[in-house]
Amino acid sequence: MADALLDVSGLNAGYGEALVLEDVAFSMAEGEALALLGRNGVGKSTLIATLMGQTQRRSGTIRLRGRGIEALPAHRRPGAGLGWVPQERDIFPSLTVEENLTVAARPGPWDLARVWALFPRLQERRANLGNQLSGGEQQMLSIARALMLNPVLMLLDEPLEGLAPVIVEELAAAIRRMVEAEGLALILVEQHAHVALELTSRALVLERGRVVHRAASAELIADHAALDRYIGMRQGRQAA
Amino acid sequence: MLLSLANILFNGVAYGMLLFLIAVGLSVTMGLMGFANLAHGAFAMLGGYVTATLMAKAGWPFFATLPAAFVLVALASLVLERALYRRLYRAGELDQVLLTIGVVFMAVAGATFVWGPSQAPIRVPAYLTGTVAIGPFDWGVYRLFLIAMGALVTLALIVGLERTRFGAMIRAAVDNPRMATGLGINVDRVFSITFMLGSGLAGLGGALGVNLIGLDPSFPIKYLVYFLIVVAVGGLGSIKGSLIAAIVLGVCDVAGKYYLPDTGAFIIYVIMVSLLLWRPLGLFGRR
């Protein structure tokens, strides 16, 4: 696949002695949105962190637009085109909202004016420090901060986790806009499978560090047996 | 009485400004980067010797030697950081203390070998000596100059850290190095540059201090405790805290030695212990 945006193959990685990911392989096309699903602790966040160079990779390759990035040090991966929205949001508490956005910004179509337009609440709070924000605002800021890197691929690690339903809706709308209007490729890790599948076109399910299922999002959303088997209980609650 | 009080305050503030100039870099490296660099005073000493040597041997004017002291000490500290310090960033504090105390001994021995054991004399320009009468008091010109330099450096540090993108990078790298790296910030390099700037300031402070507190090879040991008090009382990594702590320390030290010549040298320790009992993290300490 010469025209793949991302091509991962034979990836084994983990932390220290512990191997978390085993022989993970998948690829993505330009502009594609991929849902990364699975129960707690199956390696979803580890896969994202491995793409960002924050784990110990044992073997395997990661090619972004044809360029091997698996050996790049972590601080050079954003320059290669990856934008990271980590699970803990990781807003810098002693930087203002605006500084959080500009501290590592890279030139490109996304600038302050455009992220203010996407998240008007951030503009109202531009002079506030990072630790003076609500959870939802922190999540908006984390996404906006990654957009300011002008990535070719966004990695969103449970961006809707633990937020009020109205905020979830607002963020989901923003993510949809990034994908549909801006053509930005992204990987979306999510516990709420239905939300993730509605926002993406393809899905990958992990179990114990391996890819166990691949499907089109629209098919998986209707495949109750598969959802039940791979994602389980949570899904039942979600549907009820 | 009033005269001597004003005099003590003035001398104490000037002395405090000098301590601040030297110690603020230590506060930054210990507070922001978590590295206990007891050899910080050796950088100040090197700055003093750069100025003394350039003036005596090369005939440089005093003011021209100040940037040289800053730059040369910053570069020397970079060599030390790359060669030794960076290996111990993740090590325990005991390891860091042992390494840097070793560097102090080497610096003392090295300075004695190169410059000899006695005081290094310097002669500052005539317009920086003597006193000037303002109001009822006579003010020492060199001390006024020190206070002005301290104010200037404080302003530059606050603007640099709070208002520039590099300052934001330092704060981001300290807040959360993993996330800063994940945004493409080269945290190692940010810390190296910060360390260089802090050491360069120590070099500048050392150069400015020769005329006030003298310079000989025991300098890094003689003043180590003062620098550590400034950092501990001010609160790790706080510029404002370092400034206030340094001035309090300077004034108390001068006053103690004036009013209680026998026990004056102990006054600063009493003050330090009391302040730390009141605020264990220092005046402006976080965490």
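Chain B and chain A bury about 1,800 Å² between them, and 57% of this area lies on carbon and sulfur atoms. Arg178(B), Met179(B) and Leu183(B) supply 35% of the area that chain B buries against chain A, more than any other three residues. The model described here is predicted. Over all chains, the structure holds 14 salt bridges.

**The interface of chain B and chain A**

- The size of an interface is often given as the accessible area lost when the parts come together.
- The rule finds one salt bridge across the interface of chain B and chain A. In a salt bridge, the side chain of Arg171(B) meets that of Glu99(A), with 2.8 Å from N to O.

**Strands of chain A**

- Four strands of chain A form an open sheet in the order S2-S1-S4-S5, with antiparallel pairing.
- Strand S2 (18-28) and strand S5 (67-68) stand at the edges of this sheet. Each has a single partner strand, so one side of each is left without a neighbour in the sheet.
- Within the sheet, strand S1 (residues 6-15) and strand S4 (residues 56-64) of chain A run antiparallel and are joined by seven bridges. Ala13(A) has Arg57(A) as its bridge partner in S4(A).
- Strand S6 (residues 82-85) of chain A pairs in the parallel sense with strand S7 (residues 153-157) of chain A, over four bridges. The bridge partner of Trp84(A) in S7(A) is Leu155(A).
- Is S6(A) covered on one face or on both faces? Both faces are covered: Leu82(A) and Trp84(A) on one side, and Gly83(A) and Val85(A) on the other, are all buried.

**Salt bridges within chain A**

- Side chains of opposite charge can pair when their charged atoms come close.
- Arg210(A) forms a salt bridge with Glu22(A), and the closest N and O atoms are 3.0 Å apart. Arg210(A) lies in strand S10 (residues 210-216) and Glu22(A) in strand S2 of chain A, so the pair ties together parts that are 188 residues apart in sequence. Arg210(A) is partly exposed, with a relative accessible area of 40%, and Glu22(A) is partly exposed at 28%.
- Arg202(A) and Glu32(A) meet through their side chains in a salt bridge of 2.7 Å, N to O. Arg202(A) belongs to strand S9 (residues 202-207) and Glu32(A) to the loop between S2 and strand S3 (33-37) of chain A, so this pair ties together parts that are 170 residues apart in sequence. Arg202(A) counts as partly exposed at 28% relative accessibility, whereas Glu32(A) counts as buried at 13%.
- Arg126(A) forms a salt bridge with Glu98(A), and the closest N and O atoms are 2.9 Å apart. Arg126(A) lies in the loop between helix H5 (120-124) and helix H6 (135-147) of chain A and Glu98(A) in helix H3 (residues 97-102) of chain A, so the pair ties together parts that are 28 residues apart in sequence. Arg126(A) is partly exposed, with a relative accessible area of 33%, and Glu98(A) counts as partly exposed at 24%.
- Arg121(A), Arg125(A) and Glu137(A) are linked in a network of salt bridges.

- Where is Ser192(B) found? Ser192(B) is in helix H8 (residues 187-213) of chain B.
- Ser192(B) has a relative accessible area of 4% and is therefore buried, since buried means under 20%.
- When residues up to four places away in sequence are not counted, Ser192(B) touches Leu78(B), Glu81(B) and Arg82(B). The side chains of Ser192(B) and Arg82(B) are joined by a polar contact of 2.3 Å.

Note on methods. Residues are numbered from 1 along each chain as its sequence is written. Chains are lettered from A and ligands numbered from 1 in the order in which they are written. This is a predicted model: local features need pLDDT of at least 70, side-chain atom pairs count only at pLDDT 80 or more; totals for chains, interfaces and linings use all residues. Side-chain values use heavy atoms; hydrogens and water are left out. Buried means under 20% relative accessible area, exposed over 50%, partly exposed in between (1.4 Å probe, protein chains only). Helices (H or I, at least four residues) and strands (E, at least two) are DSSP runs, numbered from the N terminus. Two strands pair if DSSP finds at least two bridges between them. Buried area is the accessible area (1.4 Å probe) that two parts lose on being put together, summed over both. A salt bridge is a side-chain nitrogen of Lys or Arg within 4 Å of a carboxyl oxygen of Asp or Glu. A polar contact is a pair of N or O atoms within 3.5 Å; within protein, one must be able to donate a hydrogen and the other to accept it, and residues adjacent in sequence count only if both atoms are side-chain atoms. Contact means heavy atoms within 4.5 Å.
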